[in-house]
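Dear colleague,

Please find below the structure that I am handing over to you. My notes on what was found in it follow directly after it.

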Amino acid sequence: MNMQANAAPLAANPGQNSGVQPPPTPRTMAEVGINPVMLRDILLKTMFRTNQSLVSEIARSICLSVPLTQELIDMARGQRMLEAMGTMHATSGNEMGYQLTDAGKARALDALSQSEYYGAVPVPLESYRAQIARQSVRNIKLSRAQLMAGMGHLILPPDLLSNLGPAVTSGRSILMYGPPGNGKSSISHGIRAALGDKIYVPRAIEYSGQVISVYDPIVHASAEANMDDPTALRRTSNRYDNRYVYCERPSVITGGELSLDMLDLTYNPTARTYQAPLQLKATGGIFIIDDLGRQAEPPQKIVNRWIVPLEENRDILALQSGEKFTVPFDTLVIFSTNFHPNEIFDGAALRRIFFKIKIDGPDQQNFLKIFAMVAKKKNMPLDERALMHLLKVKFPTIQNNYANYQPVYLIDQMIAVCEFEGIPYQMTPELIDRAWDNMFVKMETITR
């Protein structure tokens, strides 16, 4: 495998993969799909916590349309939990204001003691299942050109693309293995970039009366805001259900820090709400498990956790009560390791990983191409004498084992020396030697 060491930026064009069907905007309370009492309590808690009084403000906070929000307010007024403030707001399109009654405040406090969640009305799990089907990562059909575009300036041989293409298009699991420093992580990023299109991520989902937060700004890159101007003559929020956020397909990356409990629901005992596990946040995108074999958990155990999701396209989660339920598993899982698969997996585990792709270092010719590209990017002039010294003197000491990280490492080392010494960027045999010495640690006995 031959490639430039730097990861490619995300692709700007979604190519042929655009056109994901958006979640329809609920027109009635029945279409919202949430128990009316839970809906009312979210309204009361939101007004209590935000001190909002205008329908347009409240609608933005709970992510429902203005007509549905008004209907919800009218229901709460009928239960004597809200009252009209009796004055129009001239600066807000002459909207009538509403406030909590004493009974409403008492109910809001009681509801907050049961769950601190307020704001966006959650999406019922069953509705989310339907949206996942509409935007499944398995619906994507990548061409060779799209995959190459996603890889940016990476130098990849045709045979690698021939292996990666079917793996990505199938939406099945991928194991990339090979020596360290040859860009397995960069290729994973390139695959994410090649997907290109956008999907709809729920702010939160609801199951059995419990709220599970899904949208995470650390994981999900929002593509656009969907806010209405309350004074506008025509409202635009009906383009899709505002309980979702329009996002790039997610890419969740974990490394040696991954533990099995990170794949379970996280319960917040103070807020009494749940946070979605990493693989649920990655729904519709990619879950990358980098440096497999460096985690505290054995690789075999980590892969065993994925057996049901990988084979049945569903995952099993558990609430604090012990109740278990299933959620869709619509994620391209990429395992990346520096170990040989036979060293860390048994045959049964390997069978469950659908594609195994070896990522090797470059040959000398492609190493030089990468070296020249990196030098040009970093404004380091090439020097034939220094390059010959590198190829004929230094690399033979490591059996000519070329790796993709080496050009960036060596050139950055030489730049650091030049800047410290106050001399123009230059490449000499002496600077090559200094950079090389920092790339490897000599075996020697340390006297104590």
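Predicted model: local features only at pLDDT ≥ 70, side-chain atom pairs only at ≥ 80, totals over all residues.

The partner of D216 is K281, and the two form a salt bridge in which the closest N and O atoms are 2.8 Å apart. This pair connects distant parts of the chain, since K281 belongs to helix 10 (residues 278-281) while D216 sits in the loop between strand 7 (210-213) and strand 8 (244-248), 65 residues apart.

In general, side chains of opposite charge can pair when their charged atoms come close. The count of salt bridges comes to 17. Another of them joins the side chains of R40 and D41, with 3.0 Å from N to O. R40 and D41 are both buried. Through shared partners, salt bridges join R40, D41, R107 and D110 into one network. A further salt bridge is formed by the side chains of E297 and K301, at 3.7 Å from N to O. Here K301 is partly exposed, with a relative accessible area of 44%.

The overall fold

The protein contains 18 helices and 16 strands. It has 448 residues, of which 50% count as buried. Of the contacts between residues at least 6 apart in sequence, 76% join residues at least 24 apart. The accessible surface amounts to about 21100 Å², and carbon and sulfur atoms account for 51% of that area.

Nonpolar cores

The largest nonpolar core has 28 residues, and the members that touch the most others are L39, L43, L82 and V121. At least two residues of this core come from each of helix 1 (29-32), helix 2 (36-50), helix 3 (55-62), helix 4 (66-78) and strand 2 (95-100). Helix 2 supplies the largest share, with 6 residues. Leaving aside residues up to four places away in sequence, L39 touches M29, V32, I34, L64, L72 and V121. There is also a second, separate core of 27 residues, which includes I370, L391, I411 and M427.

Aromatic rings

A pair of aromatic rings is described by the distance of the centres and the angle of the planes. The whole structure holds 15 aromatic pairs. One of them, Y405 with Y409, is edge-to-face, with 6.4 Å centre to centre and 80° between the planes. Both of these tyrosines are partly exposed, Y405 with a relative accessible area of 30% and Y409 with one of 29%. In another pair, the ring centres of W436 and F440 are 5.1 Å apart and the planes lie at 50°, so this pair is tilted. W436 counts as buried at 6% relative accessibility, whereas F440 counts as partly exposed at 29%. W436 and F440 also belong to a cluster linked by ring pairs, together with F367, F371, F395 and Y402. Finally, a charged side chain meets a ring elsewhere: R172 lies over the face of F354, at 3.7 Å from the ring centre.

With kind regards

Terms used:
Residues numbered from 1 in each chain as written. Heavy atoms only, no water. Helix = DSSP H or I, 4+ residues; strand = E, 2+ residues; numbered from the N terminus. Buried < 20%, exposed > 50% of the residue type's maximum accessible area, 1.4 Å probe, protein only. Contact = heavy atoms within 4.5 Å. Areas by Shrake-Rupley, 256 points an atom, 1.4 Å probe, with all protein chains shown as cover. Phe/Tyr/Trp six-rings, centres within 6.5 Å; stacked < 30°, edge-to-face > 60°. Lys NZ or Arg CZ within 6 Å of the ring centre and 35° of its normal. Core = buried A, V, L, I, M, F, W, Y, C linked by side-chain atoms within 4.5 Å. Salt bridge = Lys/Arg side-chain N within 4 Å of Asp/Glu carboxyl O.
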